[in-house]
Number of protein chains: 2
Amino acid sequence: MEKIKILIVDDESRMRKLIRDFLEREGYQILEASDGVEAMDLFYADKSIDLIILDVMMPRMDGWEVCKEVREYSKVPIIMLTARAEERNELKGFELGVDEYITKPFSPKILVARVGALLKRVKNMDGEESIDAGGILVNKTAHMVTIDGKTIDLSVKEFELLTYFIENQKIALSREKILNNVWNYDYFGDARTIDTHVKKLRSKLGEKGNYIKTIWGMGYKFEVES
Amino acid sequence: MEKIKILIVDDESRMRKLIRDFLEREGYQILEASDGVEAMDLFYADKSIDLIILDVMMPRMDGWEVCKEVREYSKVPIIMLTARAEERNELKGFELGVDEYITKPFSPKILVARVGALLKRVKNMDGEESIDAGGILVNKTAHMVTIDGKTIDLSVKEFELLTYFIENQKIALSREKILNNVWNYDYFGDARTIDTHVKKLRSKLGEKGNYIKTIWGMGYKFEVES
DNA sequence: ATAATGAGGACACAGATTTGACATAAATCT
DNA sequence: AGATTTATGTCAAATCTGTGTCCTCATTAT
């Protein structure tokens, strides 16, 4: 199990450091952003953030806006830090999809408890995670692939290969690399075998098969759009 | 759907009336208790309480004690009303299984929002008495399975296997995973044994047996419809 | 106590599917 | 054009699943 990654967004560096210290002591991995814009940059860059702690008052882009934008793409749990007694904001937050509130000033112990409780709560319901790549919907848990709504059948190897491609979009992948990741690391067969599987995968993906680009003399690359 | 039943426990009758008024306006049915002992009496008398709002400070038996005792029997959602800044209590509450906090003084709007959010949250996770999966009705407590109204006989293992499938619908399950969950985790027998049980289960489920899909080279998946 | 029954598990064999190799055609680079 | 590299069709080998059957153990009936 990898470390759980938490993004802290607050314009006061003292506050960020405080939170960071306590959460790191709990074994979480911490990312920091000093305003909403920076937070969104980090959010887009790193798909594996598990929780966001968000201050409401920030320059450039406040917490509500960040929350709203994040919610367009993700269900990642969000904790809002608010100055007290802002009822209207709290209601607004429920609509926006805030999961928890912590009122400043707060004690670090409460922070840690809330983070733990929220992560636990979310973990039990997380379920579906399907990745969308230009109309190709891959649901890893269901082991199912849908293209424009229609389910297609893939063999296990094909499924694994597609998953590997989609999880490494826009990256040029050498045959060796593909072999090492999709096949057992101790597989020493013909690298040309990949071609065969790519062939099949392309044909099963139909017109979307051309998302798998050939990089001559090198390998393959999965990329949406022409 | 019956009315949702909420138990309010507070020693101040003014406070109870305030909460009652706002929640009744939302369509909830309200019960009142003026201290912990009374609350427990009501709790034992009425098994169908959907949510408890609990003041911490009360004579005879305080909120923490009530919470603790209730949690020995039930997972019913509990909201705690606290005077502010009682950090230690809040932490204590997380351990005891408090679901939400509301700090006095609070606005009725917040109260209503929290109650709604909590009920919604819980509703999605509550364990139904019997689960319905495409006409297959599994009653875990009665250990009984009905298909389109007709009861069918399953052996213990078959029942456990079916339950596991149904509780993990649409998820691809490897044989290993099934083994670890349906059999004792320290069972090291033949994985093919699962096939045998799946075979029997399928045949006993009749035409609904094809809900159990084979994922070639991977395991099985339970999924309703084609 | 003994026999009958049924569940749980193991296993082998046939049939089905997937996989990887190979030969050849097509494409790309220099 | 010549040298490489990739695409594709074909096919046998490897792998996996479905099913019938057998064995053991425990429970129930006689």
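This is a predicted model: local features need pLDDT of at least 70, side-chain atom pairs count only at pLDDT 80 or more; totals for chains, interfaces and linings use all residues.
Residues count from 1 along each chain as its sequence is written, with chains lettered from A and ligands numbered from 1 in written order.

On the α6(B) side, the contact uses B:Glu160, B:Leu161 and B:Tyr164, and on the α7(B) side B:Ile178, B:Asn181 and B:Val182 (contact: C-beta atoms, placed from the backbone, within 7 Å). That's four nonpolar residues, one polar and one charged (Ala, Val, Leu, Ile, Met, Phe, Trp, Tyr, Cys and Pro are nonpolar, Asp, Glu, Lys and Arg charged, the others, Gly among them, polar).

## α2(A) against α3(A)

Over in chain A, helix α2 (residues 36-45) and helix α3 (residues 63-71) pack at about 20°, axes 9 Å apart. That makes α2(A) roughly parallel to α3(A) (angles under 35 degrees are roughly parallel, over 145 roughly antiparallel, 65 to 115 roughly perpendicular, the rest oblique). The crossing of α2(A) and α3(A) is right-handed.

From α2(A), A:Gly36, A:Ala39, A:Met40 and A:Phe43 meet A:Glu65, A:Val66, A:Glu69 and A:Val70 of α3(A). By class, it's five nonpolar, one polar and two charged.

## Around DNA strand D

Of 17 residues around DNA strand D, A:Asp195, A:Thr214, B:Asp195, B:Lys199 and B:Thr214 come nearest (near: C-beta atom, placed from the backbone, within 6 Å). α8(A) gives the largest share of this surface, five residues.

Key:
Two residues are in contact if their C-beta atoms, placed from the backbone, lie within 7 Å. Helices (H or I, at least four residues) and strands (E, at least two) are DSSP runs, numbered from the N terminus. Axes are lines fitted to C-alpha atoms, for helices over the stretch in contact, and angles run from 0 to 180 degrees between N-to-C directions. A crossing is left-handed if the near helix is turned anticlockwise from the far one by less than a right angle, and right-handed if clockwise.
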